[in-house]
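Welcome! Open the sequence and the 3D view side by side, and try each exercise before reading its solution.

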Amino acid sequence: MRSIKLLALCLISCCCCLTIDAKLEERFSWKQLTFDWPSAEAEADAKRTGHYIEGNNLPLGLERWENKLFVTVPRWKAGVAATLNYIDLSTTEKSPKLRPYPSWEANKLPIDVKPQDHKTPAGGRLDADKAKDESVQLMDNATIISTFRIHVDSCDRLWVLDTGLADILGNPKQITPSSILVFDLKTDRLLLRYAIPADQSKEDTFYANIIVDVERDQCNDAFAYVPDLGAYGVVVYSLRDNKSYRVKHNYFHFDPLQGDFNVGGVNFQWTDGVFGMAVGPLQPDNTKDIYFHALASTKEFKVSNRVLQNQSHVNGGESYYDFKLVGDRGMNGQSTAEVYDKETGVLFYTQVNKDAIACWNVKRPYMADTQGLIDSDSHTLIFPNDLKMDTTGSLWVLSDRMPTYLYKELDHAAVNYRILTGKNRDLVRGTPCEL
């Protein structure tokens, strides 16, 4: 009897160890972001002129391709050194310097944006001043003004959603139209710059994310989906046709009962609509479900890519019921980002009100009981802002304490920004996501 009890204890202990081992591991961390400047003189000059204010640089999005881990730094405030950067994954440094991509020149603002003393309004960007249209003609089409989210596709291309907007919370300036940029990652050359037409944007439009739907043997038939979290729509872009159109639906709106957030000791209210999006598995009929959800919501929805890619149908008044409710994540289930993993059939997503990363297997019903908790940590996962799955089966997560950055003041003597990682199968082991 004693031996049976000991065996049971050992088994329990092993299971606990497996759970602990499956937690995300911290790969990089920073108190403040630093950059790989061309020279010490260049850095000193940027600080002197206000073009680099360390505390104003907050990482938000990430993506991985081969040995590059891309990190975006939106221009929330003046003094952002470079908006699109990468880390060489061969580094052994815990807090590596960010390298601008594709170059320093491509990350240089074409106008001078002066730093100001200002306090973030209660609603963040929602209550910020309207942007002044600068209508700048870029000397280099590869110039990136400000990006939040990016996407690497299966054809070794980096898709960048450039908001064209600088100093969002200060004296906002719309330097260029919101645009889609596509880079060839093998050559670091710009393949395409597409400005989203003005008639596809609304007064409160805010584009901050982009996902790409493409198969490796059909690279020219790529579609990009750009959610408008401020004006509740999705822009669909066809690479082959080099054109876009706007789609609207009730499911793109926020839930008025789910706009209250408590993160890292900061209470705030947002009305952000559709933001998180993910391309689901390829079905036998060669279609894919596109999953999506509003940030201020706990519900998940989906629609066939065939519906989104048919402009006349999706905007013809007969597509309303093609959009489906998948289910509800439950209390405090608000999420900023999601990504589908082909290998495990699992949708991974952030849980900002829970300082957590969670998962759901697309073969199971979508409800609170079928959601798996991957990791939750009130120290390392305060506001998990973005996550991506790479081709090796590694999940990458960026947490950045953004509410504190927006509404209070970060403690720059403490670690504020982290990038964590873990293997897909290890992360889902022992959760409802494992089948």
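**Exercise 1. Find out over which residues pLDDT stays under 50.**

Step 1. Begin with the whole chain: this is a predicted model, and its mean pLDDT is 93, with 92% of the residues reaching 70 or more.

Step 2. Now look at the start of the sequence. Over residues 1-22 pLDDT stays under 50, and the model has three contacts for this stretch beyond four places in sequence.

Step 3. Decide how to treat such a stretch. Where pLDDT is low, the predicted coordinates should not be read in detail.

**Exercise 2. Work out which strands are joined to β29, and whether they run parallel or antiparallel to it.**

Step 1. Locate strand β29 at residues 417-423.

Step 2. Take β1, residues 25-30: five bridges join this strand to β29, and the two run antiparallel.

Step 3. Check the burial of β29. Buried means under 20% relative accessible area. Six of the seven residues of β29 are buried, so the strand is largely enclosed by the rest of the structure.

**Exercise 3. Identify which residues touch the most other members of the largest nonpolar core.**

Step 1. The largest nonpolar core here has 47 residues, and W76, W270 and I419 touch the most other members.

Step 2. Ask which elements supply this core. At least two residues each come from β1, β3 (68-72), β17 (260-263), β18 (266-269), β28, α5 (402-407) and β29. The most come from α5, which gives four residues.

Step 3. Zoom in on I419. Leaving aside neighbours within four places in sequence, its contacts include F28 and W30, L69 and V71, and W396, V397 and L398.

Step 4. Apart from this core lies another, of 20 residues, with V247, M277, V279 and F292 among them.

**Exercise 4. Determine the strand order of the open sheet that holds β20 and β21.**

Step 1. The order is β19-β20-β21-β22, with antiparallel pairing.

Step 2. Find the edges: β19 (274-282) and β22 (324-328) each pair on one side only.

Step 3. Inspect the pair β20 (residues 288-294) and β21 (residues 299-304), which is linked over four bridges. Y291 has K302 as its bridge partner in β21.

Step 4. Turn to the angle: neighbouring strands in this sheet are turned by 25 degrees against each other on average, direction ignored.

**Exercise 5. Decide whether D156 is buried or exposed, and say where it lies.**

Step 1. D156 lies in the loop between β7 (147-152) and β8 (157-162).

Step 2. Its relative accessible area is 13%, so D156 is buried.

Step 3. Look for a polar partner. The side chain of D156 makes a polar contact with the side chain of R216, at 3.3 Å. Beyond four places in sequence, D156 is also in contact with residues including W65, F183 and K186.

Step 4. β7 and β8 pair antiparallel over four bridges, and H151 stands opposite W159 in β8.

Note on methods:
Residues numbered from 1 in each chain as written. Predicted model: local features only at pLDDT ≥ 70, side-chain atom pairs only at ≥ 80, totals over all residues. Heavy atoms only, no water. Buried < 20%, exposed > 50% of the residue type's maximum accessible area, 1.4 Å probe, protein only. Pairing = 2+ DSSP bridges. pLDDT = per-residue confidence, 0-100. Contact = heavy atoms within 4.5 Å. Core = buried A, V, L, I, M, F, W, Y, C linked by side-chain atoms within 4.5 Å. Axes fitted to C-alpha atoms, helices over the stretch in contact; angles between N-to-C directions. Polar contact = N/O pair within 3.5 Å; in protein donor to acceptor, adjacent residues only side chain to side chain.
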